[in-house]
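Visitor: I am new to this structure and would like to go through it in short questions. Please show it first.

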Amino acid sequence: MKRVYLLLFVLLLYSGLYAQQYTDQTKEITATLGISFSIAPYYDLGIPYNKVSECYASEDNKTEGSYELTDISEGEPFSIVTSSSSYTEGSGSLVWHFNYYSYTLTPVKTGFYTFKQKVSYRYTGLPMGTIGAGSTKIVTMTYNITIVDLTAINIPQLLTLNQGDEYTFSPVFTHPKATTTLGWHSSNTSIATIDSNGKIITTGIGTTTITCTAHNGVSAQCVVTVNPVLVSGIALNETEVELMVGEKLQMEAIVAPENAKNKSVTWSSTNETVAVVDESGLVTAVGSGTCQIKATANDGSGKTASCLVTVEKNNKLTVTDMTQCSGGRGLLNVLLTDEETIMGFQFDLELPTGVTVAEDEGRLMAALTGNAVNTHSISSSKVGEGLYRFVVTPQGSRAISNSDGSGMTITIDVADDMAVGTYTMSIKDIEMTVKRAGNVYEDIHPKNSIASLTITEATMGDVNGDGRVSVTDVISMNSYILEEEPAKFIRKVADLNGDGKVTITDLVQVIDIILGR
């Protein structure tokens with residue numbers, strides 16, 4: 001009994017698998033004039049040719065290769081190419097034979113049309129009594145096809161980009177459901193290139209025309225202008241600073257974006273009586289007050305940035321600019337012009353490589369000027385390479401007079417091989433003791449002072465290095481020959497005949513230079 005039930009269960013399952021019913025179906029299609037498309041009714045109905053457990057088509061009920069087409073009073077709307085394929089599976093009484101058709105349609109006129117194909121299939125080889133055994137079924141696949149035409153393409157007529165930009169066109173067709181294949185062309189690929197997807201990559205600066213063309217020859221154009229990348233912003237290394245008169249500051253402009261075509265800037269000062277700035281951004285404080293130091297982009301973008309500069313008069317301790325020739329000796333002036341009561345001070349002098357403080361019998365050569373000669377004394381030492389410390393102290397409790405330009409001079413020597421150019425000298429770590437009311441003493445720390453040292457080529461005969469050959473040089477040479485060490489004397493330009501000695505012969509030649517002989 002159990003075997004009978006099991007057999008019935010298998011027969012029912014078997015018939016269920018093979019007796020699947022397929023129904024008529026409809027599919028909506030929009031096609032474009034001139035663009036081919038394909039349909040496969042057998043597949044669209046869902047009848048699988050290779051799923052033998054579901055159904056099969058017997059050899060005498062093949063998929064029909066005929067179709068119906070509505071509204072062809074003015075000629076068929078398609079050029080139709082029919083393709084057929086066959087498939088066989090199984091053996092003996094269970095053999096599945098399939099012939100199925102597909103169609104490639106190329107629309108040749110616009111309108112609405114209906115394309116139909118009937119598909120027949122039959123269940124055979126099923127056990128007797130199985131539902132669907134030996135029955136033939138016919139279903140219809142209907143395609144409602146709307147054919148539209150592409151008569152125009154819309155893209156921007158004008159487009160402005162920056163060098164390095166990318167842009168992808170999104171063409172719009174006259175019929176929103178029209179399809180096509182587009183070809184893209186750039187009239188000047190040195191300005192911009194375009195790929196098959198309508199993506200522009202800008203490379204140069206100028207104008208190019210982009211043309212896109214559809215399958216039917218309909219086209220559209222866009223004139224693309226590629227501009228250089230302009231400056232979008234400027235940042236300065238300083239936005240607000242305080243300087244003393246004579247102090248210098250190097251400004252730097254950081255220009256964005258990184259790929260800006262012209263990143264140069266022009267520097268300017270809103271008040272040149274306070275501070276001036278050169279073309280490299282070097283600011284020099286010249287007078288008390290405030291001003292703005294501005295950097296303006298030179299690419300026409302109008303972008304600017306500014307730094308607020310406040311300048312105070314350095315009425316404490318300053319070092320002055322000087323010019324000296326290589327191999328020369330000169331006096332560096334340190335000026336004290338403070339209006340307060342200065343009791344004493346100290347500072348470090350920093351000199352560039354190749355410049356040293358001269359020595360006399362092991363002592364650094366430095367001297368006070370003005371009334372300070374009588375009221376104060378100097379102690380000094382070398383504290384590092386190119387670094388010298390000077391300490392000025394009172395004799396008793398006397399202050400330095402500031403009414404006569406008191407200060408000090410320091411004798412410096414320039415190496416013979418010092419290269420021509422401009423160097424920086426500075427006095428720093430300044431400490432002063434000032435006397436307040438009620439005999440109160442206070443330590444103050446003025447700002448550093450910076451000066452420039454300009455090194456020039458030495459002139460033969462100009463032994464004192466003042467830039468000209470004169471009777472002063474004759475006197476200096478005479479003192480040297482008599483073994484009286486002049487304050488300024490450049491030995492290498494005193495040896496005019498090049499014999500390695502400075503003698504009366506060299507002195508005579510200097511006189512000849514003065515006389516023009």
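Visitor: In strand S36, which residue is the bridge partner of threonine 369?
Guide: This is a predicted model. Strand S33, residues 366-369, pairs with S36 in the antiparallel sense over 4 bridges. The bridge partner of threonine 369 in S36 is glycine 407.

Visitor: Over how many bridges do S28 and S36 pair?
Guide: In this pairing, leucine 332 stands opposite isoleucine 410 of S36. Strand S28 covers residues 329-336, and its pairing with S36 is antiparallel, over 7 bridges.

Visitor: How many residues of S36 are buried?
Guide: Gly407, Thr409, Thr411 and Asp413 point one way from the strand, and all of them are buried. Met408, Ile410, Ile412 and Val414 point the other way and are buried too. S36 is thus mostly covered, and its buried residues number 8 of 8.

Visitor: Which strand and which helix each supply at least two residues of the lining of the largest pocket?
Guide: The lining includes Asp413 and Val414, as well as Arg491 and Lys492. The strand spans 407-414 and the helix 491-494. They are S36 and H5.

Visitor: How many charged residues does the lining of the largest pocket have?
Guide: Among the lining residues are Arg329, Asp416 and Glu485. By class, the lining has 4 nonpolar and 2 polar residues, and its charged residues number 6.

Visitor: How much space lies in the largest pocket?
Guide: Gly327, Gly328, Tyr480, Pro486 and Phe489 are also among the residues that line the pocket. The space in it comes to about 150 Å³.

Visitor: Is serine 476 buried or exposed?
Guide: Serine 476 lies in helix H4. A residue counts as buried under 20% relative accessible area. Because the relative accessibility of serine 476 is 10%, it counts as buried.

Visitor: Which residues is serine 476 in contact with, leaving aside its neighbours within four places in sequence?
Guide: Pro486 and Phe489 also line the largest pocket. With near neighbours in sequence, those within four places, left aside, serine 476 is in contact with Val463, Pro486, Lys488 and Phe489.

Visitor: Which helices do the buried residues of H4 pack against?
Guide: H4 spans residues 471-481, and Asp473, Val474, Ser476, Met477 and Ser479 are buried in it. These buried residues pack against H5 and H6.

Conventions
Residues are numbered from 1 along each chain as its sequence is written. This is a predicted model: local features need pLDDT of at least 70, side-chain atom pairs count only at pLDDT 80 or more; totals for chains, interfaces and linings use all residues. Side-chain values use heavy atoms; hydrogens and water are left out. On a 1 Å grid over the protein atoms alone, a cavity is a set of points where a 1.4 Å probe fits but cannot get out, and a pocket is an open set with protein on both sides within 12 Å along at least five of seven lines; lining residues have an atom within 4 Å of a point. Grid points are joined across faces, edges and corners, and a volume is the space filled by probe spheres set on the points. Ala, Val, Leu, Ile, Met, Phe, Trp, Tyr, Cys and Pro count as nonpolar, Asp, Glu, Lys and Arg as charged, and the others, Gly among them, as polar. Buried means under 20% relative accessible area, exposed over 50%, partly exposed in between (1.4 Å probe, protein chains only). Two strands pair if DSSP finds at least two bridges between them. Contact means heavy atoms within 4.5 Å.
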